[in-house]
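Subject: Structure for you to look at

Hello,

Here is the structure I promised to pass on. Please open it and keep it on screen while you read my notes below.

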Amino acid sequence: MSLSGGRGLVGRERETGLLGRVLDEVRDGVGGSAILLRGEAGIGKTALLDWTEARAHEHGFAVLRAVGAEAEAELPFGALHQVLWPLLERSRSLPRRQREALESALGLREGMPPGGFMVGAAALALLAEAARARPLLLLVDDLHWVDSSSTAVFAFLHRRVGELPLAIVSTTRPDGPAVDGWPAPPADVEALGHAQAAALLRRSHPRLAAVTADRVLQEAGGNPLALVELPLQLHRDHVRGIVPLPDRLPLGERLERMFADRIASLSDEAARVLLLTALGGAATRTIGTWLRAVAGEDSDEVLEHITDSGLARLDGAGGVAFRHPLVRSAVVSMASGTEQRAAHRVLADGLPADDPRRLVHEASAALLPDEGLAGRLEAAGQRIARRGGDAEGALLLDRAAVLSTDPDARARRLTWAAVTAARSGQLRYTARLVEELKRGPVPPDIAPLFAYAVVYVDQSHRVDFASSVALLPEALDALAARDTEAFGGLAEQVYFKLLLAATYTDDLRAWRALERHRAHVSPLARLCHRAWSDPARTAHGVSEELWALVEGMSAEQEAGGGWLLLWTASAVDVAHGELWRRFTGQHAYATQGSIAKARSYQDYLHGRWDTAEECLREAEAADELGYHCNALMFRLYHAHFLAGRGDEAGLEEAERLVRPAAQRAGMRFVTGRLTHLRGLVALAHGRYEEAWSYVSTLTPPGVLPRGLPWFHLLFLDVVEAAVHTGRRRDAEAHLAAGRAARMTEISPHHAFLFTAAVALAAPDEEAESGFRDAYAVPGAEEWVFELARLRLAHGSWLRRRRRAEARDVLGEARRTFRELRAVPWVERCEQELRAAGHPVGPAARGPGLLTGQESRIAELAATGLSNKAIGARLRLSPRTVAAHLYKIFPKLGITSRAALAQALRGDEGRPQG
């Protein structure tokens, strides 16, 4: 639907301004950009794409466009095929592995893509090759109807678009399927305001009576399509205001009924042509193959009838294009089941025997179970899944189960559908399939697969680990006793899920089963078990061995072991960007959610506390997708930031949301961390006895418990609380335990925490060298918050000895705590500074406090440049720019970018003293 009429879009100044800036940045070489427009049906999203396309053509862009179709949502990489088809001639310039991966994904070559997860990278490389000639615009309409495989690649391109002269603009509906792990929040296209709606209505229907216009405005609710279409359905007496309007015209689903009269008035032949077009998707782009069979000699007349109805038009490729997606929905909804099945049979007959779309249409046409068709659907679903289309493969396997005549065959196919859906990250769909499976018997040969599906749902969706211990040990026993090749690495995944349950709950039955099956899993799985089972005694050398394993793994092995890799790295606090980059090709939320959890926790450890609120956004996204366990963990990580800042009220609120669910699930991993965070808050406020009461219940002095894999995070706090409450013997006992466990050999973080604790507890004659040793630990500066705490302790020790350098050490700690917004820790630094005779007034502010890099960023931001544009100029990532701005604002005494220019003009000078 075009609302511009060559005169611009009414009421869309914000959206067109945003889209125009995206194109300008790409054209000017600043970098690529991507936008996801989200809005209700008929809100004008397609019109915005049309406007963007026209603007791009004016500026010399090459435009690639795809439209999602409900009928093609089960066909992997269908929308990607639409986008890349014009560029495939350029694929010869790609490296062989990328070219083969792309051709395999698009159905031009048999077999799984080399490396398994290279389609996104291959698409990016092909677009990069095309962008060498001129800038590109990629438009994706109706993303909610795009197949999951293409959606995943488009999300990947969104994340990497900054590297190319490429703009991506997509549209989706709020009520459509969630976009798993989408890398950026959508830009909502809202309903028009009253004045804007009235202007559009007047322009579209200038002869509408005032009383009728008021009623249409009321009924349309600012929906542009309704504003344009509703008056067309009215009798001329209604238009003129002669007779009252009918009862309220509904929106949403009922908005589609506006087309009902026009569809009903079509001839049988024209209605069949539209139904075939609506159900056929890309297969009906050229309709000549079956138009004559439907319309006979009257083909031209039928097409003319369709175009005259205003429901559709002929496009340049010889196909029929609907005026709006709602027309497609209305055509299908008004057709009877018999008519739809007949149309599917016609479409199936027009496709090659080996085309997966033929099977989809055959299945849609089937009225009764058909074992032969079920078998072919199962084989196609497995093939598609092996090519990386897990989401689409799951749908075909589900259809195969529905058409099965044998109950055991049905259960097998449904179980495979559930596991395949789980791999694709479709958790709610997996849960529905599992519930269906529970209503009947499961064949013994498929029991391990069924157990995995049940546990996947229970852990991720229900936050329940009981089934993990009840089902997974037996599943591992069964897998160890048979040839597991048919299960495609299931043993590794079952082992990981059991390890996750054991780590979270410390259930001894789970640990015993894991130990029993160590010999039956890969070196990576064994290493992960070592990292978590009893780290004080088993995790030595894990980080070095992990990287040695990673370096020797193929891309396909990395893909299969992704969760194990991340979980192992997280145990020893070495999960960082280099590891995350290895998984950029894995698009499903199941993997991206794990990466996001690891990143959130690493942000806390490394002092990137400006990202704290991202934890809450990730939690909301996880809840929306049904990953409630992920949501709980994101809220736990957010609680770490709150505790570090000494925010008691915030921590109490976080605990209210997290602790009850964790207690119900028996997640000692979570409840223990919450108890620790209470102790950390008490330390922040100098309440050492209270801190001791919390931390000593988790790890008694001199004991590094086996069931506490994160014992190192407590270590410094236990020693600090013991020292400040006069429990020197307890502190020494704990240090002795750390020394006996060779804590410094486990990881750099373990080494720093132990050495810092030694310094805090050292007698006066050894303290100087103790602090020096702690500062000298390799990578000490990475642990920003804990290093600042060490400086506070050191500065306090220096101050008590009237040492002049106390001022510098305390000042450095204070600066760090201020940047972290850890107010109680800042106040403790200031108390020490005052005690040392250095009065501390209000924080000095002004551009004189900025570093050279901060000054350059502030000046560019003051001109209105986005973080991405600033990053492109200074060769920084947008995330780094955001982190600098987070530090710049308090230094200038402002809270928004709008105040930057004025703040930079008023240099208050550098602080004195």
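Predicted model: local features only at pLDDT ≥ 70, side-chain atom pairs only at ≥ 80, totals over all residues.

What volume does the second largest cavity have? The answer is about 120 Å³.

Residues are numbered from 1 along each chain as its sequence is written, and side-chain values use heavy atoms, with hydrogens and water left out.

**The whole protein**

The protein has 48 helices and seven strands. Helices (H or I, at least four residues) and strands (E, at least two) are DSSP runs, numbered from the N terminus. Of the 913 residues, 56% count as buried. Buried means under 20% relative accessible area, exposed means over 50%, and partly exposed is in between (1.4 Å probe, protein chains only). Now take the contacts between residues at least 6 apart in sequence: 69% of them join residues at least 24 apart. A contact means heavy atoms within 4.5 Å.

**Cavities**

A cavity is found on a 1 Å grid over the protein atoms alone, as a set of points where a 1.4 Å probe fits but cannot get out; lining residues have an atom within 4 Å of a point. Grid points are joined across faces, edges and corners, and a volume is the space filled by probe spheres set on the points.

By this rule there are seven cavities of 30 Å³ or more. The lining of the largest cavity divides into 21 nonpolar, six polar and four charged residues. Here Ala, Val, Leu, Ile, Met, Phe, Trp, Tyr, Cys and Pro count as nonpolar, Asp, Glu, Lys and Arg as charged, and the others, Gly among them, as polar.

Back to the second largest cavity. It has 15 lining residues, and Tyr604, His676, Leu713, Asp717 and Glu786 lie nearest its centre. At least two lining residues come from each of α32, α36, α38 and α42 (784-800). Which helix gives the most? It is α36, with four residues. This lining holds nine nonpolar, two polar and four charged residues.

**Aromatic rings**

A pair of aromatic rings is described by the distance of the centres and the angle of the planes. Rings of Phe, Tyr and Trp (its six-membered ring) pair if their centres lie within 6.5 Å; planes under 30 degrees apart count as stacked, over 60 as edge-to-face and the rest as tilted.

The whole structure has 17 aromatic pairs. In one of them, phenylalanine 715 and phenylalanine 754 have ring centres 5.7 Å apart and planes at 45°, so the pair is tilted. Phenylalanine 715 is in helix α38 and phenylalanine 754 in helix α40 (residues 748-761), so this pair links parts of the chain 39 residues apart. Both phenylalanine 715 and phenylalanine 754 are buried.

Ring pairs link Tyr601, Tyr604, Trp609, Tyr637, Phe641, Phe785, Phe817 and Trp825.

Arginine 673 lies over the face of tryptophan 710, 5.2 Å from the ring centre. The rule: NZ of Lys or CZ of Arg must be within 6 Å of the ring centre and within 35 degrees of the ring normal.

Look at helix α26 (residues 523-533). Eight of its 11 residues are buried, including Leu524, Cys528 and Trp532. The buried residues pack against α24, α25 (508-516), α27 (535-538), α28 (542-551), α30 and α36.

**Two residues with positive phi**

Aspartate 573 has phi near 60°, a positive value in a residue other than glycine. Arginine 821 also has phi near 60°. Aspartate 573 is in the loop between α30 and α31 (577-581). Arginine 821 is in the loop between α43 (806-820) and α44 (823-835). Are they buried or partly exposed? Aspartate 573 is buried, at 4% relative accessible area. Arginine 821 is partly exposed, at 47%.

Best wishes

How values were computed: 1 Å grid on protein atoms, 1.4 Å probe; cavity = no way out; pocket = protein on both sides within 12 Å on 5 of 7 lines; lining within 4 Å.
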